Amino acid sequence: MTGLGEHNLAALAERSFATKGDYEALLFEGRWHRSGELFERGRRLAAGLSQLGIAPGDRVVVTMANSPEVGIVYHALWRAGAVVTPASFLLSRTELHHVIADAEAAAVITSAEFADKAREASADVASVRHLIATGQVEDCTALEELEQAEPQAIVPSGDDDLAAVMYTGGTTGQAKGVMLSHANLDYAGCAAQAAAYVPGVNRGLATLPLSHSYGLLVTIAGLHNPEQGVGVLLRWFDPQLFLDMIEQQQIQQTAVVPTMLQILLSQPLEDRDLSSLRYLSSGGAPLAPQVAEEFMRRVPSVSIRQGYGLTETAALIATNPVGREKPGSVGLPVPGTEVRILDDELRPLPPGEVGEICAASPGVMQGYWHSPEATQEALRDGWLHTGDLGYVDDQGYVFIVDRKKDLIIRGGFNVYPRDVEDALLEHPAIERAGVIGRLDEVSGEEVVAFVSLRPGAQATSQELVQWGRERIGGYKYPREIHVVDEVPLTGVGKVDRKALRKALGELVHR
């Protein structure tokens, strides 16, 4: 373990508090939390964790819904020299067990409502020495008791020491742990804040899961804000509460994933006073142009800024600069990041041609935890191969086409599921769409769509196939459309193609 690095995240939190001082900083479920209170709780918890035996480099799984305690725990773990290992509270017991066991976690920190699941998931994991929970929970150390310890100095962690092991969604198999250093996360947070900073725009709404790299990025970016930023935190996304908070707290900016925008469009937005909202950042998945256009038409004060990143890049590669947004693009590579578009033979492609997006930046991960083969596949000659297909235009703006592994080749033609999904969303009855390929003896692969309908809307599969034939084009349109109650989504609002493939398999075998 090296000395205290200049990018150490605990030191960043300390500098941020010293600069901005004590003020009402965070509103959560009706209660304001002062910045001094949050900072002091983190300092005390860090000392309590160290006294409990959490050592530098220990991985500690944190599985909680959004709350002030999540930020306090992250700060405390970094202060204690430990490695934050977030896990969504939505994970099943089996999925949570995989994260705990694979990370060889020394402890699990959770809230009372998820303590039973955390206990079951960690029961047979030899590395787990402590189960810590909020409140009084049997067989758990109380988080509040650990906060009674006297604060100590930051346990030194160097810039290249691990700050987080973040598990990917596992859409193509079991989730892999992405190793991110203090320098990785600090770079991304600093770059995100610099790209988004507008003087005087300092009232934000946070509803993204803090267990996801996108939510973590937004949190660290806030530490780089030179102003006294005021935040409103929601436990999870609730469209009515989301709009209530914008109205009541005069929210100026927020970050969302595209699914949240689609849900908001079903709300009576015109009945709300959303005029304070100026900037909306969208990431986590591609945003359909018609969704962005409709939202900005109905909330005219808003400018939507798309961005792009992966967990493997600390959630940031590119973003649209304020005032220079380009519709349909995820923006320009942030300073310090380079992007190349490569063909299957790893040759660079000129502007406008679709290939695999590859990135090099200080935010690129150190590798996958305990997965040297996967690391070698993803990191080649200093470049991260993202697995995303896209192109850059002649001004350097990046455009995402689709995931490489999701590409459908029908009759020798490339079909990008996102193109078909965006087209289906133009149908007035369709609220959400997911597209996958299935093997076909004649065409090689056939295009299959799953759609859910807007409330009160009606449409049959046959009608939608005919509409697609007329609107989408000969080789692209789905020959098979299944109308379902809900199109499955991942924890961050992406279409869950793994679940769709499973559903399709079940339909075939009925």
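Mentor: One cavity of 30 Å³ or more turns up in a search of the whole structure. This is a predicted model, where local features need pLDDT of at least 70, side-chain atom pairs count only at pLDDT 80 or more, and totals for chains, interfaces and linings use all residues. Residues are numbered from 1 along each chain as its sequence is written, and side-chain values use heavy atoms, with hydrogens and water left out.

Trainee: What makes a set of points a cavity?

Mentor: On a 1 Å grid over the protein atoms alone, a 1.4 Å probe fits at the points but cannot get out. The largest cavity holds about 40 Å³ of space.

Trainee: Which residues line the largest cavity?

Mentor: Lining residues have an atom within 4 Å of a point. Here they are R43, A46, A47, S50, R79, A80, Q152, A153 and V155. Helix 2 (residues 35–52) gives the most, with four residues.

Trainee: Why is C140 called buried?

Mentor: Buried means under 20% relative accessible area, with a 1.4 Å probe and protein chains only. C140 has 16%, so C140 is buried.

Trainee: Why does C358 count as buried?

Mentor: C358 has 0% relative accessibility, so C358 counts as buried too.

Trainee: How many disulfides are there?

Mentor: A disulfide is a pair of cysteine sulfur atoms within 2.5 Å. By this rule the count is zero.

Methods
1 Å grid on protein atoms, 1.4 Å probe; cavity = no way out; pocket = protein on both sides within 12 Å on 5 of 7 lines; lining within 4 Å. Points joined across faces, edges and corners; volume = space filled by probe spheres on them. Helix = DSSP H or I, 4+ residues; strand = E, 2+ residues; numbered from the N terminus. Buried < 20%, exposed > 50% of the residue type's maximum accessible area, 1.4 Å probe, protein only.
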